[in-house]
Amino acid sequence: MNGIYRLRKNRQFQYVFRRGKSMGNREMALLYLRGPRLLVGFSVSKKVGNAVVRNRTKRRLREAFRAMIPQLRSGQYVVVAREAAAAADYRALERSLLHLVRKQGLLPEAKP
């Protein structure tokens, strides 16, 4: 994922945690805050596993999110991985992320 879309500083994450709207499922939670440009950050705690597992989980989440970028609303997103995300494969994470994005109404609905 391109670096121009990344949340980097702790205060940016904290701002979204304080003011953002949150939805969750088994594998992850998604926080969204409206804004002028699209920014995203990923949070994977040490509860998820060791460094290898956490980094693999983040890579999978980044790739799943990258595929949705052209369709998403602008704003600030934070994806928080839960323990089940470590055991899930890429397709499961992609489905979970899509579910949360649709649940929050951040993707346009398909027209028949």
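Student: Thr 57: buried or exposed?
Tutor: Thr 57 counts as buried, at 3% relative accessibility. The cut-offs: buried is under 20% relative accessible area, exposed is over 50%, and partly exposed is in between (1.4 Å probe, protein chains only).

Student: What kind of model is this?
Tutor: It is a predicted model, with residues numbered from 1 along each chain as its sequence is written. Local features need pLDDT of at least 70, side-chain atom pairs count only at pLDDT 80 or more, and totals for chains, interfaces and linings use all residues; side-chain values use heavy atoms, with hydrogens and water left out.

Student: OK. Where is Thr 57, and what is it in contact with?
Tutor: Thr 57 is in helix H2. Helices (H or I, at least four residues) and strands (E, at least two) are DSSP runs, numbered from the N terminus. Setting aside neighbours within four places in sequence, Thr 57 contacts Val 48, Ala 81, Ala 85 and Ala 86. Contact means heavy atoms within 4.5 Å.

Student: Which other residues of H2 are buried?
Tutor: Besides Thr 57, they are Val 53, Arg 54, Leu 61, Ala 64, Phe 65 and Met 68.

Student: How many residues does H2 have, and what should they span?
Tutor: H2 has 18 residues, which should span 26 Å at 1.5 Å a residue. The end C-alpha atoms are 26 Å apart, so the two agree. The expected span is 1.5 Å times one less than the number of residues.

Student: What happens at the start of H2?
Tutor: A side-chain oxygen of Asn 50 comes within 3.2 Å of the backbone nitrogen of Val 52. That is a polar contact: N or O atoms within 3.5 Å; within protein, one able to donate a hydrogen and the other to accept it, and residues adjacent in sequence counting only if both atoms are side-chain atoms.

Student: New topic. Which residues touch the most others in the largest nonpolar core?
Tutor: Phe 65, Leu 72, Tyr 77 and Val 79, out of 29 residues in that core. Strands S2 (28-34), S3 (39-44) and S4 (75-81) and helices H2 (51-68), H3 (84-87) and H4 (90-103) each supply at least two of its residues. A second, separate core has 6 residues, including Leu 7, Phe 13, Val 16 and Leu 31. A nonpolar core is a set of buried Ala, Val, Leu, Ile, Met, Phe, Trp, Tyr and Cys residues joined through side-chain atoms within 4.5 Å.

Student: What does Leu 72 contact?
Tutor: Leu 38, Phe 65, Tyr 77, Val 101, Leu 106 and Leu 107, leaving aside neighbours within four places in sequence.

Student: How many aromatic pairs are there?
Tutor: A search of the whole structure finds 3. Rings of Phe, Tyr and Trp (its six-membered ring) pair if their centres lie within 6.5 Å; planes under 30 degrees apart count as stacked, over 60 as edge-to-face, the rest as tilted. Tyr 32 and Tyr 77 make a tilted pair, 5.0 Å centre to centre with 50° between the planes. Tyr 32 is in strand S2 and Tyr 77 in strand S4, so this pair ties together parts 45 residues apart in sequence.

Student: What about Phe 65 and Tyr 77?
Tutor: Their ring centres are 5.3 Å apart and their planes at 70°, so that pair is edge-to-face. Phe 65 is in helix H2, so the pair with Tyr 77 in strand S4 ties together parts 12 residues apart in sequence. Tyr 32, Phe 42, Phe 65 and Tyr 77 form one aromatic cluster.

Student: Now H4. Which residues are buried there?
Tutor: Ala 92, Leu 93, Ser 96, Leu 97, Leu 100 and Val 101. They span an arc of only 170° around the axis, which puts them on the same side of H4. Their cover includes strand S1 (21-24), S2, H2, S4 and H3.

Student: What comes just after H4?
Tutor: Gly 105, with a positive phi of about 75°.

Student: Last one: where is Ser 74?
Tutor: Ser 74 is in the loop between H2 and S4. A polar atom of the Ser 74 side chain lies 3.0 Å from the backbone oxygen of Gly 35. Ser 74 is partly exposed, at 33% relative accessible area.

Terms used. The arc is that of the directions from the helix axis to the C-beta atoms.
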